[in-house]
Every structure is written in C-alpha cells, then in structure tokens.
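These are my notes on what I looked up, entry by entry.

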Amino acid sequence: MKKKMIAMILAGGQGSRLKKLTKDVAKPAVPFGGKYRIIDFPLSNCVNSGIDTVGVLVQYKPFLLSRHIGIGSSWDLDIEGAGVSILPPYSTENGNCWYKGTADAIYQNENYIDMYNPEYVLILSGDHIYKMDYDKMLDFHIAQKAAATVAVIDVPLDEASRFGIMNTDENGAIYEFDEKPLKPKSTLASMGIYIFNWSVLKKALREDQSDTTSEKDFGKNIIPNLLEQREKLMAYPFSGYWKDVGTIESLWASNMDLLDSSNPIDLFDKKWRIYSQATNKPGHLLEETASIKNSIISEGCIIKGEVINSVISAEVVIEEGARVYNSVVLAGAVIKKDSYIDRIILGENVIVEEGQQFGKKDEILFITGEEK
C-alpha cells in the first residue's frame with residue numbers, strides 16, 4: 001500500500017467570522033458558487049493532481065461535511081486501497097480527544113498515514129478557494145531536496161500583517177517565519193499548504209507533543225522548530241487565484257469573482273474540473289417575465305423576476321417583480337413578489353416576504369430570516 005504522497009485536509013474549522021452561516025456547519029461545508037461547497041476545491045485539486053489517498057480531518061459539527069463527502073464517489077475517490085477517509089478526533093488511553101491544533105490533528109492520525117507508508121505528506125486547509133497542481137509543487141520540493149515546502153502567495157504590503165509571512169533568501173529558501181508581524185519584512189504569505197518528507201514531519205510532531213508550551217500548530221510551532229534545527233525549508237511561489245473566504249465579505253467577493261468577465265477561477269475549464277456531490281434536481285425554469293444578466297443559475301430554480309450579477313443556488317424561487325442584484329442566494333430560498341435585495345448573502349430556505357427590501361451600499365449583509 002506504499003504511496004508516494006498522500007493528502008491530509010484540515011477541515012474541522014468553526015469559521016466564527018462567518019457568523020450565523022457556520023452556526024450548524026463547519027466552514028469547509030459552506031456553500032459556494034451555486035452548486036459547490038468550499039471543501040470541493042481542495043478535494044478536486046487532489047484528484048486533478050493525481051493524488052488518490054486523502055484523509056479529511058473533521059471536528060466542528062461534522063455531520064453535513066461528512067455526508068457531503070460520503071465515500072468520495074463524486075471525486076472518484078471510492079477506490080480500493082486508497083480513497084477518501086473521514087478522520088474525526090477520538091479518545092485514547094491518554095485521554096486525548098479533541099484536536100488541540102493543526103499539528104496535533106496530524107499527530108493523532110499518525111497511524112493512518114503510516115498505513116500508506118508515504119514518502120511525502122501534503123497538508124491542506126479545507127476552507128480556501130483556488131486551483132492548484134500539487135504534483136508540480138511536489139516536483140519542486142524533490143528538486144530542491146527540501147525537508148518541507150510551504151506554498152506562498154504575494155500579498156499587498158498593507159495586508160501582510162494578517163498572514164504568516166515567509167522571509168526567504170534569493171534562492172527561495174526560508175530562513176525566518178513571522179506569524180502576523182506588525183512590520184512585515186516581506187509579502188510572501190503562507191497559503192497553509194505544506195509538503196513534508198514524512199520521516200521529518202513524524203519526528204517533528206513527536207517532539208512537539210512533548211513540549212508542554214506548544215500550541216500544536218504548524219505555523220506557530222512546527223515550521224519555526226524545523227528552522228531552528230536547520231532543516232531545509234523552501235517557499236513555493238503560487239501566482240494563481242487564491243482566497244481565504246473566512247468572512248462574509250470575502251465569501252461574497254469570491255462568489256462575485258466567478259461573474260467577472262476575466263474570471264480568475266474558471267469553473268468551465270474542462271481540463272481542471274471542480275467536482276461536487278451529484279444531485280437529481282430538474283433544470284432551472286426561466287419564465288417569460290424573467291430578466292437575467294451576468295448570473296449563475298443552478299438546478300431546480302424557478303425565476304420570474306429580475307436577476308443581475310448574482311449567484312443563485314439550487315431550488316431558489318424568485319417571483320415576478322422581485323429584483324436580485326449583486327447577491328448570493330443559497331439553496332431553497334424564496335424571494336417573493338416586488339421584493340428587492342442588493343449585496344446580500346441570503347441564507348438557505350430563507351423567505352423574503354412580498355415588498356421587503358434588503359441592502360446597503362457600504363456593507364455586505366447575511367440574511368438569515370430572523371430580520372423580519
């Protein structure tokens with residue numbers, strides 16, 4: 001069962017900055033782009049990169065996420081000797097249960113990784129929107145003879161203090177890591193994507209477990225400790241689209257990016273599909289009163305009103321005279337006659353009553369139905 005590289009997706013995040021949107025679901029299970037969930041992007045990237053063994057580490061309210069992934073058939077990950085595995089925390093003889101941090105989550109699943117005896121382990125976050133060929137990153141890692149490689153993206157200097165910043169030499173070797181520095185020395189931000197030699201990572205995780213002061217975190221502990229030990233760490237530059245959709249504003253903006261004429265993350269690219277759970281819903285119905293411009297309309301929708309620059313999820317009803325502008329409407333919502341929404345994320349199964357109006361020019365609102 002030896003594998004060259006397996007992937008471990010950290011998908012247990014609560015996503016508290018998404019407020020009521022993650023009240024009942026983990027952040028990676030949040031809907032995106034009309035028919036997807038955020039977790040679909042790293043899972044699809046794995047499949048498109050030729051990775052057939054994926055562990056998904058869940059913790060916060062995992063039911064919907066686990067049901068969505070199932071046995072992995074939507075991603076062709078239901079294969080013997082490989083496939084996708086849901087890995088929740090569990091009680092041990094030492095009393096361990098909840099994952100105490102990102103590094104602890106991987107440590108608690110050491111036996112799962114050892115079962116496949118990989119040379120390399122790819123660590124991913126389950127809550128980012130991007131397309132990436134991890135096989136190319138592995139080629140870079142091997143060519144550089146690195147112990148660990150961290151994917152980085154160049155961010156504006158005024159935003160760099162929000163990220164873990166990698167300071168590198170002229171060859172891209174990391175010599176310093178700053179977690180959310182007040183005065184960043186560079187603009188190379190960690191994407192939370194790591195490739196480790198498994199032998200190096202296993203040793204680092206065990207050492208970290210014995211440190212009672214550690215926060216059991218990759219960025220705060222594992223990476224700095226490896227630097228102290230003079231292991232070779234490389235920065236892998238990524239220039240494509242990547243967004244941490246950790247707030248209502250960023251989630252809305254990333255959905256709106258799908259409607260951009262230059263579409264930075266093309267969902268129609270046949271060479272790099274984003275896969276998701278299949279549904280048996282009917283096609284959408286656009287009645288003669290409907291007016292739709294620059295919008296994504298998902299299966300099972302009935303549209304009678306006006307939709308402009310919006311992303312409409314499955315089985316949404318928009319009645320005659322209703323106007324939906326610059327909004328993300330989640331599955332099962334009903335927008336009744338002569339109502340109006342602009343710059344809104346409308347929650348699942350929420351009903352906007354006849355004549356209601358929601359929208360402010362200076363902020364993005366998430367409407368749950370409790371506002372009535």
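I count a residue as buried when its relative accessible area is under 20%. The model is predicted.

Entry on β8. I looked up how enclosed this strand is, residues 148–154. Of its 7 residues, 6 are buried, so the rest of the structure largely encloses β8.

I then looked up the partners of β8. β8 and β11 run antiparallel and are joined by 6 bridges. In that pairing I find T149 opposite I195 of β11. With β12, residues 233–237, β8 pairs in the parallel sense over 5 bridges. Here V150 stands opposite A235 of β12.

Entry on the cores. The largest nonpolar core has 66 residues. Those with the most contacts inside it are L43, V54, L122, L124, M132, Y134 and I193. Apart from it I find another core, of 35 residues, including Y116, Y194, F196 and A235.

Leaving out residues up to four places away in sequence, L122 touches M5, I6, A7, M8, I51, Y134, I193, Y194 and I195.

Entry on phi. Most residues other than glycine have a negative phi. I looked up two with positive values. K180 has a phi near 50° and lies in the loop between β10 (174–179) and β11 (188–197). R343 has a phi of about 60° and is not a glycine either. I place R343 in the loop between β24 (340–342) and β25 (344–346). Is R343 buried or partly exposed? Its relative accessible area is 22%, so I record R343 as partly exposed.

Key:
Residues numbered from 1 in each chain as written. Predicted model: local features only at pLDDT ≥ 70, side-chain atom pairs only at ≥ 80, totals over all residues. Heavy atoms only, no water. Core = buried A, V, L, I, M, F, W, Y, C linked by side-chain atoms within 4.5 Å. Buried < 20%, exposed > 50% of the residue type's maximum accessible area, 1.4 Å probe, protein only. Contact = heavy atoms within 4.5 Å. Helix = DSSP H or I, 4+ residues; strand = E, 2+ residues; numbered from the N terminus. Pairing = 2+ DSSP bridges.
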